[in-house]
Amino acid sequence: GRRNVTNCAAFISSGINAEYGDFSNPTISTLTDSVSTWIPSATMKLLLLTALVAAVYAVEYTITTTTADGKVDGHVQTHGKIFAAAINHKGVMLDFGVLDNPHHKDFQKKKTDTFKFKSDVDLGEISCLVLRAGSKDAWLATSVGIISSTDTKGVKGTNEDKVWLSTDTSLKGDKGKVAKMWCKPGV
């Protein structure tokens, strides 16, 4: 018992002496110099550990959209920007920004697109998905959904009213809506 404690203390003491100076007869200046050397190193290690923990515990969100087939409605796809956000039951909103898969044509006729995002914000149970148009190039979705690594049921919805997303809300133009929200029943 006591021998292990002594050996451990001797090991720690020798490590401190080798790295930070002799502490056998510490003075204020020796302690101050050693602490000033030690704090930045400890701070950096703490920051790295925090970043690693955050990366490990990041929540992954998956948004899916399906564009109409265009049989009845004609030009249903868009080359414009579509933005997304999710809201939980406490009213906390997480803005995902633009839905975009690089090097891929998103929002094309009869196609389902999947968008993945990681965030350190965990909404818990997702209550609503909001999609917003970012251009006058109208888009007609038939179904949308969002799930997360902490809410595998998420929110799913259809566009039975055939609401077009577009910044052109004029009666002469697309008659679009700037945004549409799909929520779980009872929300």
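Predicted model: local features only at pLDDT ≥ 70, side-chain atom pairs only at ≥ 80, totals over all residues.
View 1. Residues are numbered from 1 along each chain as its sequence is written, and side-chain values use heavy atoms, with hydrogens and water left out. Lys-184 forms a salt bridge with Glu-125, at 3.1 Å from N to O (a salt bridge is a side-chain nitrogen of Lys or Arg within 4 Å of a carboxyl oxygen of Asp or Glu). Glu-125 sits in the loop between β4 and β5, while Lys-184 belongs to the segment after β9, 59 residues apart (strands are DSSP runs of E with at least two residues, and helices are runs of H or I with at least four, numbered from the N terminus). Glu-125 is partly exposed, at 43% relative accessible area.

**View 2. Asp-151 also pairs with Lys-184.** Here the closest N and O atoms are 3.8 Å apart. Asp-151 lies in strand β7 (residues 151–158) and Lys-184 in the segment after β9, so this pair ties together parts that are 33 residues apart in sequence. Both Asp-151 and Lys-184 are buried.

**View 3. A salt bridge joins Lys-116 and Glu-60.** The closest N and O atoms of this pair are 3.7 Å apart. Because Lys-116 lies in strand β4 and Glu-60 in strand β1, the pair ties together parts that are 56 residues apart in sequence. Lys-116 is exposed, with a relative accessible area of 54%, whereas Glu-60 is partly exposed at 29%. The model's count comes to 3 salt bridges.

**View 4. Strands β3, β2, β5 and β9 form an open sheet.** The 4 strands are arranged in the order β3-β2-β5-β9, with antiparallel pairing (two strands pair if DSSP finds at least two bridges between them). At the edges are β3 and β9 (179–183), each pairing on one side only. Within the sheet, 7 bridges join β2 to β5, and Asn-88 stands opposite Ile-126 in β5.

**View 5. Ala-85 is buried in strand β2.** Its relative accessibility is 7%. Leaving aside neighbours within four places in sequence, Ala-85 is in contact with several residues, among them Met-93, Phe-96, Cys-128 and Val-130 (contact means heavy atoms within 4.5 Å). Ala-85 and Ile-63 are 22 residues apart in sequence, and their C-alpha atoms are 9.8 Å apart in space.

**View 6. The largest nonpolar core has 24 residues.** A nonpolar core is a set of buried Ala, Val, Leu, Ile, Met, Phe, Trp, Tyr and Cys residues joined through side-chain atoms within 4.5 Å. Those with the most contacts inside this core include Tyr-61, Phe-96 and Trp-139. Strands β1 (59–67), β2 (82–88), β3 (93–98), β4 (112–119), β5 (126–133) and β6 (139–148) each give two or more residues to it. A second, separate core of 5 residues includes Ala-68, Val-76, Leu-140 and Trp-164. Beyond its neighbours within four places in sequence, Trp-139 touches residues including Val-76, Leu-131 and Trp-164.

Technical notes. Buried < 20%, exposed > 50% of the residue type's maximum accessible area, 1.4 Å probe, protein only.
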